[in-house]
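Open the model in your viewer and keep the selection panel at hand. The stops below say what to pick and what is there.

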Amino acid sequence: MKLAPFTLHRPDSVGQASRLLAELGDDGAAYCGGTELLLAMKLGLASYEHLVDLKRVDGLRGIEAAGGGVRVGAAATHREIETSAALRARYPEMPAMISQVANLRVRSVGTLGGNLCFADPHSDPASFLMAVGATLVCQRGEQTRRVPAGQFLTGPYQTALTPGELLVAVELPARPERTGLSHLRMKLTERPAVTVTALVTRRGNDVATARLIVGSVGSVPFTADTALLAGPADGFVARAGACAEQAAAGCAPLPDGEASPDYLRHLVTVHARQALGEAFTAS
């Protein structure tokens, strides 16, 4: 399959790229790695007369410690994330999660920003970033705004980006002491059918806070109700089981042929219970 003809633009700055995208409107799309967008165009699922290549744009790359957390440039490749010393020191679960994405060839080209902006419902990073409370830094021209990870995806293949706006970075906050994280996934075909990320923070021997994000099942990842998880360590396993069942009941599985809704809810229950247990043990 061949790509339909298009005009390629190569801006040097975020401002220039932003102006180009605003001018092109629906006829243009930004890309960096292009692993998903170009495949969609080859299959005839998307069509653009103009593509804006962001690989040369200053300020989109790099992974560095920042304010106790980590700032990841939107154009950082999955492989760069997988091997990042800054992430391994503060959020080792993120490189471990990214290492499961596709294959080495794809991870060497595909980028975190591209993954998030393509907004495929069956994907890993969004649920992980929601669980850790990450912020997505977006820029249009000289104007910058910060969007909580949980508000960035608005539907299948849809984001909160406005016309001409670019995702420039993802900021992971400082990690609270005694915080455990666990990200689990299950593939039935090439893409994950279920992704679950659990975060548990303890104070003394008690669970102070907990967060559970379920992705790859519905149109966007969702935050499960974890209010019942706070409390003494004794009885946490039972409370985690009840929370996992509630999360599964709250799912709205997409009718896209991955599996039956009942089976997907079963997978959510199993993986949510396990992820909460692993996060609790690691906290």
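## Stop 1: the largest cavity

Select Asn115, Leu116, Ala119, Asp120, Pro121, Ser123, Ala126, Ser127, Leu153, Gly215, Ser216 and Pro221: they line the largest cavity. This is a predicted model, where local features need pLDDT of at least 70, side-chain atom pairs count only at pLDDT 80 or more, and totals for chains, interfaces and linings use all residues. Residues are numbered from 1 along each chain as its sequence is written, and side-chain values use heavy atoms, with hydrogens and water left out.

A cavity here is a set of points, on a 1 Å grid over the protein atoms alone, where a 1.4 Å probe fits but cannot get out; lining residues have an atom within 4 Å of a point. Grid points are joined across faces, edges and corners, and a volume is the space filled by probe spheres set on the points. The largest cavity holds about 60 Å³. Two cavities in the structure reach 30 Å³ or more.

Colour the lining by class. Six residues are nonpolar, five polar and one charged. (Ala, Val, Leu, Ile, Met, Phe, Trp, Tyr, Cys and Pro count as nonpolar, Asp, Glu, Lys and Arg as charged, and the others, Gly among them, as polar.) Helix 7 (112–118) and helix 8 (125–132) each give at least two lining residues. Helices (H or I, at least four residues) and strands (E, at least two) are DSSP runs, numbered from the N terminus.

## Stop 2: Ser123

Centre on Ser123, in the loop between helix 7 and helix 8. Is Ser123 buried or exposed? Its relative accessible area is 13%, so it is buried (under 20%; exposed is over 50%, partly exposed in between, with a 1.4 Å probe and protein chains only). Beyond neighbours within four places in sequence, Ser123 is in contact (heavy atoms within 4.5 Å) with Asn115, Pro192, Thr195 and Ser216.

## Stop 3: the second cavity

Now pick Leu116, Ala126, Leu129, Leu136, Ala149, Phe152 and Leu153, the lining of the second largest cavity. Helix 8 and helix 9 (149–152) each give two or more of these residues. The volume is about 30 Å³. What classes make up this lining? Seven residues are nonpolar, none polar and none charged.

## Stop 4: Leu116 and the cores

Stay on Leu116. Leaving out residues up to four places away in sequence, it touches Pro125, Ala126, Leu129, Leu136, Phe152, Leu153, Thr159, Leu167 and Val170. Leu116 is also among the residues with the most contacts inside the largest nonpolar core, along with Met94, Leu129 and Leu172. That core has 34 residues. A nonpolar core is a set of buried Ala, Val, Leu, Ile, Met, Phe, Trp, Tyr and Cys residues joined through side-chain atoms within 4.5 Å. Helix 8 gives the most to this core, six residues. A second, separate core has 29 residues, including Ala210, Ala248, Cys251 and Leu264.

## Stop 5: helix 1

Select residues 14–24, helix 1; its buried residues are Val14, Gly15, Ala17, Ser18, Leu20, Leu21 and Leu24. They pack against strand 1 (7–9), strand 2 (28–31), strand 3 (50–53), strand 6 and strand 10. Gly25 follows helix 1, with a positive phi near 60°.

## Stop 6: the hairpin

Finish on strand 11 (residues 179–187), where seven of nine residues are buried. A hairpin of four residues joins strand 11 to strand 12. The two strands run antiparallel, with nine bridges between them. Find Met186: its bridge partner in strand 12 is Val194.

Notes. On a 1 Å grid over the protein atoms alone, a cavity is a set of points where a 1.4 Å probe fits but cannot get out, and a pocket is an open set with protein on both sides within 12 Å along at least five of seven lines; lining residues have an atom within 4 Å of a point. Two strands pair if DSSP finds at least two bridges between them.
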